[in-house]
Amino acid sequence: MLEDAETMTILELSETVEWGEGVDREPIALTDYIGTLRTDFLGDFSPEKLTITIGGRFMGQRGSFANLQDANGRIQLFMKKGTIGKDEEEIELTDKMMKLLHIGDFIGVTGEMFMTQTGEATIRVKELKFLSKSLRNLPIVKVDKAGNKHDEFTDPELRYRQRYVDLTVNPHVKETFLKRIKLMNVIRNYFNDQGWLEVETPILQPIHGGAAARPFATHHNSLDMPLYMRIANELYLKRLIVGGFDGVYEFGKMFRNEGMDRTHNPEFTAMEIYVAYKDYIWMMEMVETLLEKIALEVTGGTSVGYDGKEINFAGPYVRMTMYESIEKYTGIDVSKMDEAGLREVCEKFHIEIDSSMGKGKLVDEIFGEKVEDNLIQPTYITDYPIEMTPLAKKHRTSQGLVERFELFINGKEIANAYSELNDPIDQRERFEDQLKLAERGDDEAMVLDEDFLRALEYGMPPTSGLGIGIDRLTMMMTNQHSIQEVLFFPQMKPEAQTQIEEAID
RNA sequence: GAUCGGCUAGCUCAGCUGGUAGAGCACUUGACUUUUAAUCAAGGGGUCCCGGGUUCGAACCCCGGGCCGGUUACCA
């Protein structure tokens with residue numbers, strides 16, 4: 001539906017369609033794309049020989065000059081009235097078309113490259129084809145000589161709701177998403193080179209296992225049973241290791257029914273990988289290699305500017321056990337403390353706690369409050385208390401700990417990894433401990449998955465697993481501070497209630 | 001959830017102490033046609049987020065609601 005304000009444009013459209021009927025409707029055969037055209041042209045300039053055909057959006061004009069934009073860039077057109085076409089009739093038609101042309105329309109042009117007096121690579125248009133009409137006004141961003149932007153399309157609400165407009169008029173936005181895609185491809189290529197396999201596991205799960213979070217619940221009609229959108233895919237990937245794959249990974253959307261803010265969206269992308277016959281020490285080395293590679297290929301260097309700081313992704317990264325890190329930043333050794341001692345420490349630092357919290361949770365609270373923000377450069381925090389990590393293997397030497405690390409960068413958790421727990425008896429006990437926590441009031445304690453235990457009972461090789469938050473890693477690599485800037489379509493409340501009602505009817 | 005700020009033309013924004021709604025870009029018409037924030041002239045375009053209230057009179061003040069953003073809390 002279009003507003004009254006658009007009436008004029010619709011009249012214009014009908015006129016366009018009318019003359020358009022006389023125009024060749026065959027698909028236009030593009031010979032080039034704007035993105036590479038300018039550099040190709042500048043590299044090997046052979047004037048009057050290079051006849052090309054390109055397509056794109058018409059993005060405004062100045063006198064006889066105009067801009068054309070395609071997926072990868074813009075180029076200037078020279079379109080002089082009364083000169084485009086083979087004969088009188090065609091010239092007249094093209095003049096009419098140029099009059100109807102406005103910002104946002106898709107056109108195809110054929111012409112020759114030349115250099116203007118002011119040194120701008122330009123196409124002298126010999127033939128103009130109208131391809132598609134834009135009925136709405138694009139917000140045009142103008143950039144002056146000094147590089148200042150005028151009338152920039154900046155309203156975050158409009159930008160997120162109408163990402164197609166954002167992408168069209170804000171090149172830096174497109175750049176961010178291209179980097180996100182590149183980042184994922186770097187990971188894929190590296191993993192594939194190692195022989196690890198990209199797999200897919202269920203998004204609709206009868207038991208929402210593998211993490212501690214509130215799920216989205218739904219209902220399957222013909223089975224008449226509840227299903228949950230996955231909060232994690234960990235237990236399914238481990239089943240595949242049981243099934244005999246040596247290395248499996250998945251890029252997947254996870255869904256958590258919790259608050260939204262600058263770093264949380266209800267659906268987000270996690271990359272999880274499991275490699276058999278490895279442990280978490282090996283995994284730290286793998287992650288260092290991977291992140292260095294990502295930084296290099298996505299940003300062009302291993303040192304990345306973020307938040308006014310320089311983050312150095314070249315390995316090896318600092319390694320500290322969780323207890324060491326707490327001692328470093330509080331001066332207190334909590335490693336031998338019982339629950340009562342930990343509660344005292346929390347009180348001393350005015351950390352809010354409640355009765356449902358066990359030992360592991362209390363340690364985590366102290367860590368979150370006193371340590372996390374200090375971990376600016378990539379840092380591995382290792383060897384977590386067993387209570388907070390029900391899916392990780394017990395530490396080979398330290399009692400009460402598990403073989404786990406989290407990678408912190410700029411005070412944020414970026415990756416989480418274990419030597420995976422593959423002892424089915426231990427795993428059952430750890431699930432049962434979770435049940436006790438749940439009874440105590442912890443509504444995020446992990447749910448017992450009987451089939452997963454059965455899988456472990458058949459035998460799982462020693463395995464190391466890793467999860468990386470792709471959205472947050474992308475934020476890091478693109479210097480963005482809101483998750484919405486790295487998601488094409490971040491979750492938003494509906495624009496107007498009426499739209500929802502219409503949709504339901 | 002708390003708190004602060006924003007919402008005015010398609011976009012970016014002005015709008016004083018409450019007194020007929022403004023600019024630039026975009027759009028339309030014309031001029032110009034080697035421009036690059038093109039230029040010049042004229043024109044059209046508004047549910048001032050929504051609903052109530054106060055007032056002779058509300059974009060502006062008051063009450064309620066909505067959406068967006070910042071901060072903060074919660075949440076692996």
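User: What share of the 505 residues in chain A is buried?

Analyst: This is a predicted model, so read each value as computed from it. Buried residues make up 46% of the 505 in chain A.

User: What does the overall build look like? How many helices and strands are there in chain A?

Analyst: Chain A has 15 helices and 20 strands. Along the principal axes, its C-alpha atoms fill a box of roughly 90 × 55 × 50 Å. The accessible surface is about 26,100 Å², and carbon and sulfur atoms hold 50% of that.

User: How do I read contacts along the sequence? What percentage of contacts with a separation of 6 or more joins residues 24 or more positions apart?

Analyst: Look at who touches whom, and how many positions lie between them. In chain A, 64% of the contacts with a separation of 6 or more join residues 24 or more positions apart.

User: Now a single helix. What span does H6 reach, and what is expected?

Analyst: H6 runs over residues 171-194, 24 residues in all. From first C-alpha to last it reaches 35 Å, close to the 34 Å expected at 1.5 Å a residue. Just after H6, Gly-195 takes a positive phi of about 90°.

User: Which residues of H6 are buried?

Analyst: Start with the general idea. An α-helix has 3.6 residues a turn, so residues three or four places apart point the same way. Now the case here. The buried residues of H6 include Val-173, Thr-176, Phe-177, Arg-180, Leu-183 and Met-184. Val-186, Ile-187, Tyr-190 and Phe-191 are buried too.

User: How do I read a nonpolar core? Which residues touch the most other members of the largest one?

Analyst: The general idea first. In soluble globular proteins, nonpolar side chains tend to be buried together. The largest nonpolar core here has 44 residues. Phe-191, Met-271, Ile-294, Phe-313 and Leu-466 touch the most other members. H8 gives the largest share of this core, 10 residues. Another core, of 40 residues, lies apart from it; among its members are Ile-351, Leu-362, Leu-391 and Leu-456.

User: Which residues does Phe-191 touch?

Analyst: Not counting residues up to four places away in sequence, Phe-191 touches Trp-196, Tyr-249, Met-271, Ile-273, Met-286 and Leu-290.

User: Back to accessibility. Why does Leu-197 count as partly exposed?

Analyst: Leu-197 is at 38% relative accessibility, so it counts as partly exposed. Leu-197 belongs to strand S8 (residues 197-198). Beyond its neighbours within four places in sequence, Leu-197 is in contact with Phe-245, Gly-247, Val-248 and Tyr-249. Leu-197 and Asp-246 are 49 residues apart in sequence, yet 8.6 Å apart in space, C-alpha to C-alpha.

User: And a loop residue? Where does Ile-140 lie?

Analyst: Ile-140 lies in the loop between strands S5 (121-132) and S6 (142-143). Setting aside residues up to four places away in sequence, Ile-140 touches Met-59, Ile-103, His-150 and Asp-151.

Terms used:
Residues numbered from 1 in each chain as written. Chains lettered and ligands numbered in written order. Predicted model: local features only at pLDDT ≥ 70, side-chain atom pairs only at ≥ 80, totals over all residues. Heavy atoms only, no water. Helix = DSSP H or I, 4+ residues; strand = E, 2+ residues; numbered from the N terminus. Buried < 20%, exposed > 50% of the residue type's maximum accessible area, 1.4 Å probe, protein only. Contact = heavy atoms within 4.5 Å. Areas by Shrake-Rupley, 256 points an atom, 1.4 Å probe, with all protein chains shown as cover. Expected span 1.5 Å × (residues − 1). Core = buried A, V, L, I, M, F, W, Y, C linked by side-chain atoms within 4.5 Å.
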